[in-house]
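Subject: A structure for you to look at

Hi there,

Here is the structure I promised to pass on. Please open it next to this email and follow along as you read.

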Amino acid sequence: MNELVFPNINIEKLTRWTGDVSPLECIGIKDETHNVKSFTFKSTKDAWFQFYPGQHTTLFLKIDGNDVMRTYTIASSPTRPNTITITNKRMAEGVVTNWMHDSLKVGDCVDALDIGGSFSVALDKPKSKILFLSGGSGITPMLSMTRYFCDVSMDVDIAFVHNAQSEKDLISKEELDFYESSQRDFKRHYVCDIGSGSWLGPTGFLNHEMLIDLVPDFAEREIYCCGPEPYMQNVKKILSLTDYDMNFYHQESFDIESSTAQKNMAINADLPEHKVTESEINEYNVTLKKSGDVLPCGSNTSILVSIQKQGITVPFACSQGLCGTCRTKMLDGTVEMDAQGGLLKSHEQEGYILTCCSYPTSDIVLDL
Ligand code: FES
């Protein structure tokens with residue numbers, strides 16, 4: 001029988017993990033529902049994970065000979081820093097997620113980007129009353145934040161409303177039930193799109209009456225919302241019927257693995273604003289070295305959008321500097337980049353930029 005190997009829990013003596021430090025080794029796979037699995041990873045160099053609950057990392061995988069990247073929220077809590085867990089759902093066109101479900105094994109290693117993102121209670125200074133609203137696998141950042149709150153015994157009042165397709169799609173139900181029975185101010189509610197024989201809870205899409213019924217004091221709460229785009233639009237529509245102050249509303253605004261996200265053009269996306277005063281707007285040339293194309297790009301337009309405007313297809317996913325999918329080497333020129341954790345420092349030093357959040361400040365040449 002093998003001897004137990006205990007991880008080093010003296011954090012001060014450990015290196016903090018970044019994508020540069022080591023690949024991730026899969027050390028556990030758990031079925032959450034019939035089509036959702038959790039994958040737990042540790043650093044191959046015994047490094048520890050520092051992050052805010054609700055943040056994400058981007059995995060680099062080789063699938064059928066192609067390099068692919070996908071960004072996943074970390075579902076585990078930073079209070080358990082020796083591992084991170086990614087929980088994802090098999091999807092009809094989810095190339096990466098389906099590969100993970102079918103082919104990733106315990107002991108396999110994958111490369112990943114640094115942990116980043118701005119969707120986290122720990123980055124805001126939220127009210128002491130919080131409402132988590134999640135749809136489907138959008139529950140993962142809420143799980144991380146809930147686990148974090150419970151681990152640190154914070155004096156916070158949480159209402160958690162989770163929408164799933166049906167009872168058999170409820171993720172981490174037992175755990176949330178346990179928190180309701182063991183935590184002082186924690187109430188969870190489930191809503192299923194489709195009722196079934198044994199389901200006695202609310203059925204259908206979340207609506208105004210249901211929200212008032214489940215969380216009568218929702219207007220007093222800081223709201224964190226994550227789910228498919230239609231779910232979040234529905235939530236915003238419900239809130240627009242009330243006098244809820246949207247300054248207290250936060251949502252995870254990307255849904256990278258969905259086919260819609262992958263087929264959409266960044267031109268059509270709701271992109272973060274890049275501030276340039278009218279008098280400073282200049283027009284530059286973006287040269288794509290491999291194809292020889294030369295495109296115009298204003299200093300207030302992202303390079304990705306200017307490329308797509310010419311009908312040229314290049315990889316991208318989040319359009320917000322988060323996931324790293326649009327990473328491209330810049331061979332000449334200068335840009336202003338509003339990256340939000342999607343680029344490793346080492347890659348930046350090597351001359352890579354994220355085209356989705358880079359704005360030219362001179363003529364530039366890209367390795368495309
Ligand atoms: S598309 Fe995600 S960082 Fe650019």
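Predicted model: local features only at pLDDT ≥ 70, side-chain atom pairs only at ≥ 80, totals over all residues.

Look for an open sheet built from 6 strands, with antiparallel pairing. Going across it, the order is β4-β3-β6-β1-β2-β5. At the edges you will find β4, residues 66-73, and β5, residues 84-89, each of which pairs on one side only. On average, neighbouring strands of this sheet are turned by 40 degrees against each other, if direction is ignored.

One pairing is worth a visit. Strand β3 (residues 56-63) and strand β6 (residues 109-112) run antiparallel and are joined by 2 bridges. To find the spot, go to Leu 59, whose bridge partner in β6 is Ala 112.

Helix α1, residues 95-103, lies across β2 (36-43), β3, β4 and β5. Relative to β3, helix α1 runs at about 75 degrees.

**Two residues with positive phi**

Asp 46 sits in the loop between β2 and β3. Its phi is positive, about 60 degrees, although Asp 46 is not a glycine. Is Asp 46 buried or partly exposed? Asp 46 counts as partly exposed because 15 other C-beta atoms lie within 10 Å, while being buried would take 20 or more.

With 23 other C-beta atoms within 10 Å, Ser 172 is buried, since the cut-off for that is 20 or more.

**Lys 329**

The last stop is Lys 329, which belongs to strand β14 (residues 327-332). Which residues is Lys 329 in contact with, once neighbours within four places in sequence are left aside? They are Gly 351, Tyr 352 and Asp 367. Gln 310 is 19 residues away from Lys 329 along the chain, and the C-alpha atoms of the two are separated by 20 Å. Lys 329 has 14 other C-beta atoms within 10 Å and is therefore partly exposed, as that class lies between 12 or fewer for exposed and 20 or more for buried.

Happy browsing, and do write back with any questions.

Best wishes

Conventions
Residues numbered from 1 in each chain as written. Pairing = 2+ DSSP bridges. Helix = DSSP H or I, 4+ residues; strand = E, 2+ residues; numbered from the N terminus. Axes fitted to C-alpha atoms, helices over the stretch in contact; angles between N-to-C directions. Contact = placed C-beta atoms within 7 Å.
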